[in-house]
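Please read them with the sequence and structure at hand.

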Amino acid sequence: MNRNPKGPPDGFVPVGRVGKAHGLKGRFRLQADGLNVERLAPGDPVWLDGLGEAVIETWEPRASFAVVQVDRVRDADHARMLLHHSVYAVVADEDVQPDPEGMPVILNGQPFGEIVRLLGSDASPLVEVDTETVGRILVPAVAPYVHWRPDGLHLEDPPEGLLPS
C-alpha cells in the first residue's frame, strides 16, 4: 500500500474533499466533486492529501455527501485535521467529469450561462460563469445547492444574494 503523502498513485483521480468529522470514531463527510462516487464501496482504495493511501471501511451515501470511514483514521481529531483535503480514488472512465470549460450552467432548471473556468484553491474552489443576463460571476464549486451532472452545472435554490438580480 502506498503511504507516500506526496501525491496519489497513477490511476487515482480527484473525487472530492474531506468535509466535517462525523461522530467520534474518525468518520467524515466526503463532499463529491461531480463524479459518480456512488460506485465507491467498502474495500476500495482511496488516497487523501496529508494521509496517503487508505481503504474504505464503511460507506454511507447521503443526499449531497457520503459518510466515510477509512482504515487509517480512527478518531474525530484526526478526521478534523484532514478537513478540506482532497480525496482521490480509482473510478471508471465514464464516471470522470469532463473538462468543465464551456459546460452549461442551469439555474433552477433554466439555462443561466456557461462555465468559463475553475478558480480558487482546493479548500475553496470557485466556478467563473458567463451568464446570459449579468455578465461574468463567481459561484462556489462545492455547496449544498451546487450539483455537477453530465448535462452541466446545476444551481438549485441558491441562497438569496448569491446571484445578482
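1. Strand 11 and strand 12 (residues 152-155) pair in the antiparallel sense over four bridges, where strands are DSSP runs of E of at least two residues, numbered from the N terminus, and two strands pair if DSSP finds at least two bridges between them. Within this pairing, Val146 stands opposite Leu155 in strand 12.

2. This is a predicted model, in which local features need pLDDT of at least 70 and side-chain atom pairs count only at pLDDT 80 or more, while totals for chains, interfaces and linings use all residues. Residues are numbered from 1 along each chain as its sequence is written, and side-chain values use heavy atoms, with hydrogens and water left out.

3. Six strands form an open sheet of mixed pairing, in the order 10-9-8-7-12-11. Its edge strands, each pairing on one side only, are strand 10 (136-140) and strand 11 (146-149).

4. Glu128 lies in strand 9 (residues 125-131) and counts as buried because its relative accessibility is 9%, buried meaning under 20% relative accessible area with a 1.4 Å probe, protein chains only. The side chains of Glu128 and Arg136 are joined by a polar contact of 3.5 Å, that is, a pair of N or O atoms within 3.5 Å, one able to donate a hydrogen and the other to accept it.

Technical notes:
Buried means under 20% relative accessible area, exposed over 50%, partly exposed in between (1.4 Å probe, protein chains only).
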